[in-house]
Amino acid sequence: PLVATIASMDMELLLRDEVFVDFFNTFLNLPVFGQTPIYNHNTGQWDLWPELPSCMDLSLPALLAWLTEPCLPHFCKSSLCLHLILCQKLLGFIRSQEAAKLLNWQSADQWLLEKFISGSQGMQLFRVFIRGMAGEELIDFWLITERLLGLDESDAEQRDLYLSLFHRLKATHLREGSTVITLCRITDWPLLKARHVQSISTRREILRKMQEQALFMIQSYWLPKFFIHYKKSMKKEKSCQPLLQEYQKRLLGDNFQEPSGFLENCLTMRVRKSQGLSRSYCSKKAKEEIWSLVQEGRDTQEMMMAHFQVQPERQPRPAGSAKESRLGEESWRLIPQQSVYPASTVSGGKGEATSPRSTRPFVQLPYLKKPVKASSLLPWALSAESCAGRPFRNFLKHQDRSVEIHLLGLWHDLEEFRPVVLDTRKKTNFFLRHLMGEEICKNYLEEGTIQQLPLETRTLRSLRDDLMSGEFSPWIFRAQNEICKVLFCVYEEFLADDDRTFLQYMVK
């Protein structure tokens, strides 16, 4: 599997790939983590936030070890890694002779489309374009199937997650008349829903064939539509004129050279030195400083939200606990990145003139009118946690905090349920929201479980009554708020542990 390939590669080799750097920077800057470094692909420089105290030596090998050991495994479990793999497959198609023949693209067209689609921001732009259309369902199916096929169903620790993903597929994309069934035209797909036990290899073979068909439809139909739309949009945007001029030059001169995606001349990688910081290292204080900057610019026009649908990964629960509820949809709300990290961007040093888009993070900022408190950060951090390979959950697991793990699972399932139940555009949402509502009730809200959770009994019972009907419930917000109050102190412990781990690597 491609995820396993990424996990096994040397970090320095991975960082030579500009597309990987873009996705990895985005991952490292998700606000669940304490330390949020960023790598400039053009200069080879690492910037740390927060900075290390000036008395400490900055060791590049130590930083790379930290990135390889604690960070890369979480990245490989994240939704961003799946989007990276899809992006690489789209880029491979764009650069291929097959695409040039099939779509009659000139080399300049290939170059421009690559500029549009490269990196995490390009994938966001593509997903926003196809939102509400058949292409969105094809991508959703491809991402879920890619995660599912990377799991080992015979492994007890992965079985719950495998079954959760498979039930999600059956409730949405493996139904008669669904977009995937209609367009992929795999005749033996009914075997996937048969009640008799199928061999794992047969199920995987059918899913792989359907996934390949879905990918071909995305590449051959939705990519060209995306390209035509944004090529027209470029002409109306002043910021896109340099890119448009370069495209027109290439149309006339046909001087396109196929990029490799890797730096041919290896830069000397380095870590930017501390700017005289003498106080103790504390990522919690750094987060509060960032939130002060966010608060100041909260009412500006740039803080308008957009929506980006992704499929976050799910982690199996410990043995003896309730099974993982079915995977739902989650919105990554977007705001301009520079308002959160004013000194850097997640684009790896790309100039704005090369792209018709702004750089944005992937999680929702809560609306704050009062002075920032540390507890206000937690919903933001938990939203990011579901997109980051579940590092907070992993910390709770190592601490043997079963109640907190249960509450965290409920918070995320409610977060995934809300956009599904509010989105009436998709026919499949009727089946999905009932499935999700029933599973949340089964896993968290049975009477015996309610009595054991440190939340208001009235809140949980009212939530259960509403969810059983598969309808939206205002009690979702009340339950999530109560969960955050319980988890706040434990999250501070997680940040402290994250700091200790980072410093241990840097001291070595």
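These are my notebook entries on what I looked up in this predicted model.

**Ground rules.** The model is predicted, so I keep in mind that local features need pLDDT of at least 70 and side-chain atom pairs count only at pLDDT 80 or more, while totals for chains, interfaces and linings use all residues. Residues are numbered from 1 along each chain as its sequence is written, and side-chain values use heavy atoms, with hydrogens and water left out.

**Overview.** I find 21 helices and 5 strands in the protein; these are DSSP runs numbered from the N terminus, helices being H or I with at least four residues and strands E with at least two. Of the 508 residues, 56% are buried. For burial I use relative accessible area with a 1.4 Å probe and protein chains only: buried is under 20%, exposed is over 50%, and partly exposed is in between. Accessible surface comes to about 22,400 Å², and carbon and sulfur atoms hold 51% of that (Shrake-Rupley method, 1.4 Å probe; for residues, only the protein chains shown count as cover). I also looked at contacts (heavy atoms within 4.5 Å): among those between residues at least 6 apart in sequence, 74% join residues at least 24 apart.

**Sheet.** Next I checked the open sheet of 3 strands, which has the order S1-S2-S3 and mixed pairing. S1 (38–40) and S3 (270–271) are the edge strands with a single partner each, so one side of each has no neighbour in the sheet. Two strands pair here if DSSP finds at least two bridges between them. S2 (residues 45–47) pairs with S3 in the parallel sense over 2 bridges, and Trp46 sits opposite Val271 in S3.

**Helix H17.** I tested its length. With 21 residues (402–422) at 1.5 Å a residue, H17 should span 30 Å, and its end C-alpha atoms are 31 Å apart, which agrees; the expected span is 1.5 Å times one less than the number of residues. H17 is mostly covered, with 18 of its 21 residues buried.

**Salt bridges.** I count 17 in the structure, each a side-chain nitrogen of Lys or Arg within 4 Å of a carboxyl oxygen of Asp or Glu. I opened three of them.

- Glu416 and Arg390 meet at 3.9 Å, N to O. Glu416 is in H17 and Arg390 in the loop between H15 (378–385) and H16 (391–398), so parts 26 residues apart in sequence are tied together. Glu416 is buried at 1%, and Arg390 is buried at 4%.
- Arg401 and Glu493 have their closest N and O atoms 3.4 Å apart. Arg401 lies in the loop between H16 and H17 and Glu493 in H21 (residues 475–507), so this pair ties parts 92 residues apart in sequence. Arg401 is partly exposed at 21%, and Glu493 is partly exposed at 34%. Elsewhere, salt bridges with shared partners join Glu447, Arg461, Arg464 and Asp465 into one network.
- Glu146 and Arg208 meet at 3.8 Å, N to O. Glu146 is in H9 (residues 134–149) and Arg208 in H12 (residues 200–234), so the pair ties parts 62 residues apart in sequence. Glu146 is buried at 10%, whereas Arg208 is partly exposed at 34%.

**Ser178.** I found Ser178 in the loop between H10 (156–172) and H11 (179–184), buried at 7%. Its side chain reaches the backbone nitrogen of Ile181 at 3.2 Å. Leaving aside neighbours within four places in sequence, Ser178 is in contact with Thr172 and His173.

**Glu439.** I placed Glu439 in H18 (residues 429–444), and it is buried at 11%. Its C-alpha is 9.1 Å from that of Met468, 29 residues apart along the chain.

Terms used. A polar contact is a pair of N or O atoms within 3.5 Å; within protein, one must be able to donate a hydrogen and the other to accept it, and residues adjacent in sequence count only if both atoms are side-chain atoms.
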